[in-house]
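Trainee: I would like to go through this model one piece at a time. Please give the cut-offs as the terms come up.

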Amino acid sequence: MSFLEVKNLNISYPTRKETIVASKNVEFKLERGEILGIVGESGSGKSTIANAIIDLIDPPGEITNGSIKIDNDELRDNNGIIQKFRGKKIGFVFQDPQTSLNPLFKIKDQLIETIQTHLNLTYKDALKKSIQLLKEVGIENAEKRIEDYPHQFSGGMRQRVVIALAISCEPDLIIADEPTTALDVSIQYQILELLKDLTKKRNLGVIIITHDMGVIAETTNKVIVMRHGLIVEQGDTKELLTNPKSNEAKSLVISVPPTNKKIDRFKLISPEGKEITSDSKNLTNNIIKSWGIRENKNQKLLKLNNISKIFDDKSLGSKISFGFKNNEANKAVKAVDNVSFELFEGETLGLVGESGSGKSTIAKIITGLVKPNNGEIYYNDLSLYNSKKKYQIDKSRGQIQMIFQDPYSSLNPRFKVRDIISEPIKFFQKNISKDELIQNVFDLIDIVGMTRQSLDRYPHEFSGGQRQRISIARALATRPRLLICDEPTSALDVSIQAQILNLLKDIQDELHLTMLFISHDLPVIRQMCNRIIVLKNGIMCETKDTEELFNNPEHNYTKELIRLMPKIESII
Amino acid sequence: MLLKTYNKIYDTDIGYSFFNSKIAVISSTIFFIILICSIFAGVVAPYNPFDPASVSLMDAFTPPVWSDGGNSSFILGTDQQGRDMFSTMIYGSRISLIVGFASIIFAMLLGVFLGITAGYIGGRYEIIVMRLTDVQLTIPSILMALLVDGIARAIISQSMHDEMAIYVLIFAIGISEWPQFARVSRASTLVEKNKEYVSASRIIGLSNVLIMFKHILPNILRPILVIATIGLALAIITESTLSFLGVGVPPTTPSLGTLIRFGNNFLFSGEWWITFFPAIFLIVLALSINLLGDWMRDALNPKLKKR
Amino acid sequence: MVVVAFVSFSLFNFVGDPVNSMTGEDASDERRAEVREVLGLNDPVYVQFSRFLGNVIQGDFGISYQLKREVSDLIAERMPATLELVFVSALIAIITGVILGVYTGIHRDSFISNLILVISLAGVSLPTFIIGIMLIYLFSVILGVLPSFGRGEVTELGFWTTGFLTTSGLKALILPSVTLSLFQMTYVIRLVRAEMMEILQTDYIKFAKARGIKKNIVNYKHALKNGLIPVITITGINIGTLIAFSIITETVFQWPGMGSLFIKAVYFVDIPIMSAYMIMVAFIFVMINFIVDITYYFIDPRIRLKEETN
């Protein structure tokens, strides 16, 4: 008898048109002291299983079949036991620490309430225990901080509080649903270490649900790979990652950007086992014809001189208008602090850093979305903040285009794909003929690997990866020379990420584009860039050629980042 | 052909939700019947109550047809001037609907324009607009309308006022409802403005006017539509309230509210139908619009779309 | 805001020609000139304006054109009636509204919830005056148990007259306050319901459930406290709206309050009363807003602590 046994679990979501099977015949076991990883792409049903164990599936989803047993107690359809087990025997950690704590109650109240629900302790003892717990999860000055409200903690600290709550009643099982996805690499490392530590010390069974193969490699003993609600493969983590047997697992593992070397293109295998090849190379001819042949002369294309940006967070029309004026003017944040760099034709420069490092702000400053407080930007020796040469500046702006992070908000949902792509063409070529316009749009949609039929559809009919392709087509429509990619793949699944990265490399090579590639993800940066700038709190820490940076980092922060990034190779 | 369109509409989520909600179907049917009746009042109503030739004081206070003393030529009875209740109500609802629609369109144009520009441009302009809406919002619509009407009465002479009354009323109700539109469209604009497709349009170099009205406006129409529907009901109620208070449309062109006001004087003496039927009519009208708006709000709210 | 109120209402003071309404259209020119002189209408605008402001601060709103009495006396006489009515209605609207709103928000699809919702929607669609007329018809005309107009017997407490202390006063209060509160109650129900429904879908509620916190505690402690925050704002706006809608209720029930005074003033273009009423109402709004802001400050730690860290 195992500690946790899930047998033949079936969960479905009936909707109007069809019944979505979120999990099908799922079976697995977990022992105390083990960390089990459940990995899969979005929509694979991995979170549903976690919710099913504590019976918190969002309606209209329901368990249609199967059994879930902890220490031989059946949980399914057993409300009495479930209510007793929640919090007491099973602790749950959610993805986003920003939203998982009630903002109106002190940490103290939330902890004590949970403890007193399950354990027979007096208020005083519960308080003592709470402080003990906060210390255990690494919150300093716990006696004082327990009086604070959630919003007074940083993201990482909040996730610690969430974990303290999850372990407060000595549970035997912890389920963590993407516990570090919302956190920076360094904090992610700490939280994962904390979970590993607790597993050992308290002999817990832990289930970690994640999409990140690096996290799986570094923390789990066993792993389950899911796709479309099915377990396609499960087994020992090391074994599965080094030698995946199913096509689905192979496709996942092969798409993960390696952290220890640079590869030219990702070799792609579809989950069905076929090799995916890209043919965009053959399709660029038309585009090159209309753009004219470009050559890279390794000239300086863009130059940033001592750029600084300060955001002062003056809250607009603050709620408190009488007597208590909000005095927030002095809470200015220096998002970008004296940053200078140059970008040469044809190269890909990487900007890497954690949240708040100012990397996206730099992109916005270059594209003109945000005005810097200080400094100058030169594009082809033309100052972009020079008010006199308005016409030339507007023209240069068209040559700088951007690909955004969130494929779900970067396309106007009310526009057909055709209009999304043709709008910039018409804007820059006012007297383009109708035929030419159509041909242009066709060329662009071909090159990003989409069918021409998709032109007559709306963005919501496409998946994230397809939308990102449309986004690329739109960016190319202005005939840009410089393409800024702001975390272009961080919202995508790994296999899709690999496809998009390949596509970006292809069009860069063919169309002689220069790229500024922004990401928090070091392995991705390593694959894409020739040169890398490391940013921290708006300050440039280090600039080096890619391989040089990864092999011989100089700055302490760079060293730290490289050491802490989850590495899939760590166990291979 | 018609069936095909029906199937196509049924296939969309909104259409499905509509045809599967009895309340939505019934209320919209009632609303459209009333709307069509009032548009073609001249055809639908058996009498023209404003034609002195067809009205006879002899017929005054005829009760509805099923009561004692009822007359089959006046189904719902007559009022104190001998006008057919049914016909006056149809004509009255026409006035109510005209005022309601006109004022809500006025409020919508003003509010949406100010809201989008405030949300998009920001800065001092936004602060001023939002302060204005705050002030306007704290002044309840009835009070605002009374205020406008009071000023209008003071400026315009009595005889002119009767002629102008309907425009004054439209202006008064419209001016009291625009802040709702401004607030909603500003809030939605702020959300949309931070979406990346707006940034993309800005990077391309599109002008702000184009971004605001070609890109953002279509994306914020849904909440505006909801507000407009609920606002229409509110405008009709406000109009009837003002007319009931005697500061709305002049008695020569009575709206539903005016009719109720007249009838109220006879309530205690037993002629209940003079006030009862217009009141019911008004309630049914307002209720059907409100039900429609309520359904729309739930159907268009992605957060609650769980089943 | 105070400034906005004052500017708009002082503007009011110069609109139209009060002489006409006092003397009638056909009065002789000499009579008009005389009245003008008495009212000080021949002075330059800024003199009139500063005099107006000065008078207002001293509580002097001038003399009613129509009733020929001190406006401040008229208002003081009638204010208690309106405030008592509004106070009772606000209590009814908020207490009932919150209870029903929470219930319908938690029990989303139960039969009772749907019933409450349909009734509340009917409440939004029923103009206040129709509710009033219907209640009068039912309770006064048919059943004859409650009075249809007036305040009943009132007790004088110095400058304040109250209807709370006599049975007839309380009885007279029932119909108007219920009438007045119904419309607002439906708003509160819908707002609280929407708020509760959104909160019940948040992560922290799910997390509380996952910790095994009992359902009732999750619903009535965790969710409710968050759900009540917007109620504070709404209460503020509510009272303002109630004051405005009291105009209608007072007309229907012939309630001797400020509202019925005001509506008569609008008829007869009695500008001193109109402007005095607007200023009083604006003053009350400002006070309510102030109280709402302070309440927020004490209830929401996110606002309070932002202050302290600075």
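**Helix, sheet and contact**

Mentor: In chain A, the buried residues of α4(A) pack against α3 (107-118), α5 (142-145) and α6 (155-167). Buried means 20 or more other C-beta atoms within 10 Å of the residue's own, exposed means 12 or fewer, and partly exposed lies in between, with C-beta atoms placed from the backbone. Helices (H or I, at least four residues) and strands (E, at least two) are DSSP runs numbered from the N terminus. The model is predicted: local features need pLDDT of at least 70 and side-chain atom pairs pLDDT 80 or more, while totals for chains, interfaces and linings use all residues. Residues are numbered from 1 along each chain as its sequence is written, and chains are lettered from A and ligands numbered from 1 in the order written.

Trainee: What arc do the buried residues of α4(A) cover around the axis?

Mentor: The buried residues in α4(A) are A:A126, A:S130, A:L133 and A:L134. They lie on the same side of α4(A), because the arc, taken from the directions from the helix axis to the C-beta atoms, is only 95°.

Trainee: Which are the edge strands of the open sheet in chain A?

Mentor: The six strands have the order β6-β7-β8-β3-β9-β10, with mixed pairing. Two strands pair if DSSP finds at least two bridges between them. Each edge strand pairs on one side only, and the two are β6 (90-93) and β10 (230-236).

Trainee: What is the bridge partner of A:D177 in β8(A)?

Mentor: Strands β7 (residues 173-177) and β8 (residues 205-210) of chain A pair in the parallel sense over five bridges. The partner of A:D177 in β8(A) is A:I209.

Trainee: Which element gives the most to the side of chain C that touches chain B?

Mentor: The contact, meaning C-beta atoms placed from the backbone within 7 Å, takes 35 residues from chain C and 36 residues from chain B. With eight residues, the element that gives the most to the chain C side is α11(C).

Notes: Two residues are in contact if their C-beta atoms, placed from the backbone, lie within 7 Å.
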